[in-house]
Amino acid sequence: MPIYEYEPRDGDCKICGGRFELRRPMDREPLEACPVCKKPVRKIVSAATTPRVAKPLSISDAKSAGFQVLKRNGGGSYDKQ
Ligand SMILES: [Zn+2]
């Protein structure tokens with residue numbers, strides 16, 4: 001079971017210390033709020049397990065960055081996704 005690290009989206013949390021780790025099953029929804037203080041949190045990608053330089057660019061990352069994502073359709077041409 002992977003360990004995820006979370007931090008508050010804004011400000012810091014006096015209760016959980018600003019960051020906390022949580023062990024969650026892979027198939028669970030991402031945690032949206034600190035279970036202690038109920039502030040919105042975001043997941044931190046651990047540098048130890050996923051080096052920043054080796055992080056592959058995901059399709060959603062590319063789309064949010066304004067790239068048009070093309071999917072190869074197998075016939076040598078490309079379809080818009
Ligand atoms: Zn908290």
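The protein chain has one helix and five strands. Along the sequence, the pattern reads β-β-β-α-β-β. Keep in mind that this is a predicted model. The mean pLDDT of the protein chain is 75, and 67% of its residues reach 70 or more. E3 has the highest mean pLDDT, at 88. Strand E5 (residues 78-80) has the lowest, at 67.

Now turn to the sheet. Three strands form it, in the order E2-E1-E3. The sheet is open, and its pairing is antiparallel. Strand E2 (20-23) and strand E3 (41-44) are the edge strands. Each of these two pairs on one side only. From one strand to the next, the twist averages 40°. What holds strands together in a sheet? Strands of a sheet pair through backbone hydrogen bonds, and they can do so in parallel or antiparallel fashion.

Look at the pairings one by one. Strand E1 covers residues 3-8. Four bridges join E1 to E2, and the two run antiparallel. Here Tyr6 stands opposite Phe20 in E2. E1 also pairs with E3 in the antiparallel sense, over four bridges. On that side, Pro8 stands opposite Val41 in E3.

Next, follow the chain into the loop between E2 and E3. Pro30 lies in this loop. Is Pro30 buried or exposed? Pro30 is exposed, because 10 other C-beta atoms lie within 10 Å, and a residue counts as exposed with 12 or fewer. Pro30 and Val41 are 11 residues apart in sequence. In space, they are 9.8 Å apart, C-alpha to C-alpha.

Lys38 also sits in the loop between E2 and E3. Lys38 is not a glycine, and yet its phi is positive, at about 70°. Lys38 has 11 other C-beta atoms within 10 Å, so this residue is exposed.

Lys39 has its place in the loop between E2 and E3 as well. How many other C-beta atoms lie within 10 Å of Lys39? There are 16, so Lys39 is partly exposed. That count falls between the two limits, because exposed means 12 or fewer and buried means 20 or more.

Which residues does Lys39 touch, leaving aside its neighbours within four places in sequence? Lys39 is in contact with Pro8, Cys13, Ala33 and Cys34. Lys39 and Arg9 are 30 residues apart in sequence. Their C-alpha atoms are 7.9 Å apart in space.

Finally, step back to the whole chain. What share of the 81 residues in the protein chain is buried? Buried residues make up 4%.

How values were computed. Residues are numbered from 1 along each chain as its sequence is written. This is a predicted model: local features need pLDDT of at least 70, side-chain atom pairs count only at pLDDT 80 or more; totals for chains, interfaces and linings use all residues. Two strands pair if DSSP finds at least two bridges between them. Axes are lines fitted to C-alpha atoms, for helices over the stretch in contact, and angles run from 0 to 180 degrees between N-to-C directions. Two residues are in contact if their C-beta atoms, placed from the backbone, lie within 7 Å. pLDDT is the predictor's confidence in each residue, from 0 to 100.
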